Amino acid sequence: MFDISALNNGLTEKSKFYNKIYYFEIIDSTNTFALNSDYPPHHVIIAGKQLKGKGRSGRKWVSKSEDNLYLSIILPDIPLEKLLPLNIVTAYSIVDALRDIIPLKIKWPNDIIANGKKLGGILFEAKFSGYILEKLVLGIGLNINQKEFDGEISGIATSIYNETGIIYPLETISLSIIQEFEKYLDNFLKNSIDIIENWCKYSANYNKSISIHINGVKKTFVEIGINENGELIALDDMGNSIKILSGDINL
Ligand code: BT5
């Protein structure tokens, strides 16, 4: 059973997330719940399981195991053009939060990778009322203590347990993630994070050959960095530098 009081008590009153963390044993999706809730920014929803865990572009996030982390954070207002850089900053914060437990890398734009396999993912969602942004939610799914993965994700997914052989309390991991994300978010809002400079340290594919589906067509590039908008910079086979705003990298 997830000990939500340990988590709330782990934060100090200085944290904007202090006493604003809620736990549900089963939920459709922490993101959907957070988007439709009346909770204001800096509230956090954590679930034991999700019945309809979401990935990007209508994909699913497999959320059957209670041994993993499914967490959504209601964000303060952020200009929409800053969402892709914030996605990158969030990935940096997750890698740093877990640095002493497991070495992780990022696969642009939102995959958290351990040993070449997917350990986690990030999903930003926004709710609008007309043209007005009503709510912005950051969802984080991380495989922590799950031992076996079957079906569509067997062979591509991994967990902290699978990589380290150690079971970690979900409360400890959640607390580290929230604390590190809060630091990164503060610095991001003060414009004091250099996402470009840090990319080479965090990316799984820096200076490597990558293939990306762009509008359904598979193309091969060499990844050379990102820009301040969070767009991926790559070289095509003619040596031309191109910017990639959306798409999925296939290794
Ligand atoms: C993501 O989407 O990686 C974003 C995942 C975000 C999940 C969190 S959990 C809390 C919050 N509430 C939600 O409902 N969602 C968020 P995407 O890049 O589209 O990746 C989806 C793909 O990852 C799937 O098509 C599978 O191939 C793979 N996948 C699904 N479940 C996985 C899992 N548990 N572990 C590893 N890979 C998985």
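A: Ile 156 is in contact (heavy atoms within 4.5 Å) with Lys 117 and Lys 118, leaving aside its neighbours within four places in sequence. The model is predicted, with local features needing pLDDT of at least 70 and side-chain atom pairs counting only at pLDDT 80 or more, while totals for chains, interfaces and linings use all residues. Residues are numbered from 1 along each chain as its sequence is written, and side-chain values use heavy atoms, leaving out hydrogens and water.

Ile 156 sits in the loop between strand E7 (132-142) and helix H4 (160-164); helices (H or I, at least four residues) and strands (E, at least two) are DSSP runs numbered from the N terminus. Its relative accessibility is 49%, so Ile 156 counts as partly exposed, where buried means under 20% relative accessible area, exposed over 50%, and partly exposed in between (1.4 Å probe, protein chains only). From Ile 156 to Ile 212 there are 56 residues in sequence and 17 Å in space, C-alpha to C-alpha.

Turning to the helices, 15 of the 15 residues of H3 are buried, so H3 is largely enclosed by the rest of the structure. The end C-alpha atoms of H3 are 20 Å apart, in agreement with the 21 Å that its 15 residues should span at 1.5 Å a residue; the expected span is 1.5 Å times one less than the number of residues. H5 has 20 residues and reaches 28 Å from its first C-alpha to its last, close to the expected 28 Å.

The axes of H3 (residues 83-97) and H5 (residues 170-189) come within 8 Å and cross at roughly 140°. Axes are lines fitted to C-alpha atoms, for helices over the stretch in contact, and angles run from 0 to 180 degrees between N-to-C directions. H3 and H5 are therefore oblique to each other (under 35 degrees is roughly parallel, over 145 roughly antiparallel, 65 to 115 roughly perpendicular, the rest oblique). Among the residues making this contact are Leu 86, Val 89 and Tyr 92 of H3, and Ile 177, Phe 181 and Phe 188 of H5. The residues of the contact of H3 with H5 divide into 11 nonpolar, 3 polar and 2 charged; Ala, Val, Leu, Ile, Met, Phe, Trp, Tyr, Cys and Pro count as nonpolar, Asp, Glu, Lys and Arg as charged, and the others, Gly among them, as polar.

H3 also packs with H6 at an angle of about 45°, the axes being 11 Å apart, and this pair is therefore oblique as well. On the H3 side, Pro 85, Ile 88, Val 89, Tyr 92, Val 95 and Asp 96 meet Ile 195, Asn 198, Trp 199 and Tyr 202 of H6. The residues of the contact of H3 with H6 divide into 8 nonpolar, 1 polar and 1 charged.

Most residues other than glycine have a negative phi, and most peptide bonds are trans. Asn 191 lies in the loop between H5 and helix H6 (195-202) and is exposed, with a relative accessible area of 60%. Asn 207, also not a glycine, has a positive phi of about 65°; its place is the loop between H6 and strand E8 (209-214). The peptide bond from Trp 108 to Pro 109 is cis, with omega near 0°, and Pro 109 is in the loop between strand E4 (105-107) and strand E5 (111-114).
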